[in-house]
Amino acid sequence: MKTEAAVLWGPGRTWEIEPVELDPPKEQEVLVRMVASGLCHSDEHFLTGDMPFLGSMIGGHEGSGVVEDVGPGVSSLAPGDHVVASFLPPCGHCPSCIDGHQGLCDMGMHIADGWQVTDKTARHHAKGQDLRIFCMLGTFGRHTVGHERSFIKIDDDIPLDRACLVSCCVSTGWGSAIHRAEVEPGHVVAVIGAGGVGSAAIQGARSAGARRIVAVDPVAFKREMAREFGATDAVATIGDAFPLIQDMTRGRMCHRVICTMSVGRGELLAPIMALAAKRGRVVITNVHAWTETDVSMSMLDLMVMEKELLGSVFGSSRPEADVPQLLELYRDGLLDLDSMVTSTYPLEKINEGYQDMRDGRNIRGVIVFD
């Protein structure tokens with residue numbers, strides 16, 4: 001079939017809207033008509049070079065849509081099902097999945113390839129080339145084909161232009177607070193970066209009963225919104241956060257620090273670790289440039305104060321369990337997705353949407369397909 005998608009032909013270039021030839025789904029694959037797709041910073045990393053560019057690809061990994069067709073052997077989905085994409089598809093039977101860590105599923109090793117996980121070939125083609133699809137999804141297309149485990153069925157009454165957020169940014173931020181940081185009632189928490197992922201982390205920390213939540217972001221609009229999402233305090237810089245937290249905790253500092261800025265920098269780790277209390281936990285959720293190997297921090301502080309430095313991908317979440325749960329919280333008014341969607345764009349204005357992200361105008365921009 002013929003469809004249309006935003007294609008990145010090389011690093012440093014803009015997204016280009018191209019006609020795409022899409023093959024029908026094969027074994028264990030489904031055809032999905034996309035309804036909405038979030039403009040996540042992770043796609044931007046391939047444009048800027050923070051992540052290595054592996055070849056011409058359709059972007060997008062945070063999306064929602066409706067199943068239109070299924071290939072042989074598909075058992076979990078049927079035409080007409082409303083679905084949310086999972087950028088890390090869980091196989092359900094590898095050691096990580098069995099241990100309850102679906103976000104580390106062995107199937108995830110293939111997301112960088114950009115080919116179909118079933119046979120390592122392409123279903124998307126443009127200008128005579130096979131196209132990769134980011135995270136085996138390619139949600140910047142009006143239609144896509146992917147493995148059935150890459151899509152999670154949801155209830156039909158959930159608006160798809162809101163549901164798309166739990167596909168990545170909300171699961172990642174919420175999970176960073178709940179699953180990886182393990183925020184507890186009474187904790188003092190700092191969230192560094194108050195965009196989409198950070199806003200979800202703030203809401204997760206609030207839900208867990210944090211006593212004080214300090215949002216750190218240089219953009220005044222995001223600091224204002226952070227308070228709407230549950231932050232008790234908001235400052236522009238890590239340097240501003242230190243004396244504030246020192247004062248509010250009588251020098252004990254934060255139980256948890258969650259890093260959700262757009263791109264991390266190794267030289268910031270020392271002041272970030274200084275925000276953490278004795279036995280405090282620092283969670284790195286944001287991407288660092290793939291070429292970065294130098295990190296500045298005091299190992300003596302880490303050892304003497306028994307602090308913890310942890311990584312987290314996808315919020316250490318279990319997508320098949322967490323996506324439905326998060327949408328139930330949204331339905332019950334306990335998770336604010338509506339305020340997170342700052343602006344919506346047609347596919348043709350994807351580059352405008354990403355510029356708004358760079359300029360700090362959005363918590364989350366969303367492409368809505370007509």
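Guide: Let us start with accessibility in this predicted model. Asp370 is exposed, with a relative accessible area of 85%.

Visitor: With which side chain does Asp370 meet in a salt bridge?

Guide: Its partner is Arg142, at 3.1 Å from N to O. The two residues are 228 apart: Arg142 sits in the loop between strand 8 (129-133) and strand 9 (143-147), and Asp370 in the segment after strand 20 (364-368).

Visitor: Is Arg142 buried or exposed?

Guide: Arg142 is buried, because its relative accessible area is 15% and the limit for that class is under 20%. Arg142 and Asp370 also belong to a network of salt bridges that includes Glu4 and Glu348.

Visitor: How should I read a sheet, and which strands form the one here?

Guide: In general, strands of a sheet pair through backbone hydrogen bonds, either parallel or antiparallel. Here six strands form an open sheet with parallel pairing, in the order 13-12-11-14-16-18. Strand 13 (233-235) and strand 18 (308-311) are the edges, each pairing on one side only. Neighbouring strands are turned by 15° against each other on average, direction ignored.

Visitor: How many bridges join strand 16 to strand 18?

Guide: Four bridges join them, and Val282 has Leu309 of strand 18 as its bridge partner. A salt bridge also links these strands: the side chains of Glu308 and Arg281 meet at 2.6 Å, N to O, with Glu308 in strand 18 and Arg281 in strand 16. Glu308 is partly exposed at 28% relative accessible area, whereas Arg281 is buried at 13%.

Conventions: Residues are numbered from 1 along each chain as its sequence is written. This is a predicted model: local features need pLDDT of at least 70, side-chain atom pairs count only at pLDDT 80 or more; totals for chains, interfaces and linings use all residues. Side-chain values use heavy atoms; hydrogens and water are left out. Two strands pair if DSSP finds at least two bridges between them. Axes are lines fitted to C-alpha atoms, for helices over the stretch in contact, and angles run from 0 to 180 degrees between N-to-C directions. A salt bridge is a side-chain nitrogen of Lys or Arg within 4 Å of a carboxyl oxygen of Asp or Glu. Buried means under 20% relative accessible area, exposed over 50%, partly exposed in between (1.4 Å probe, protein chains only).
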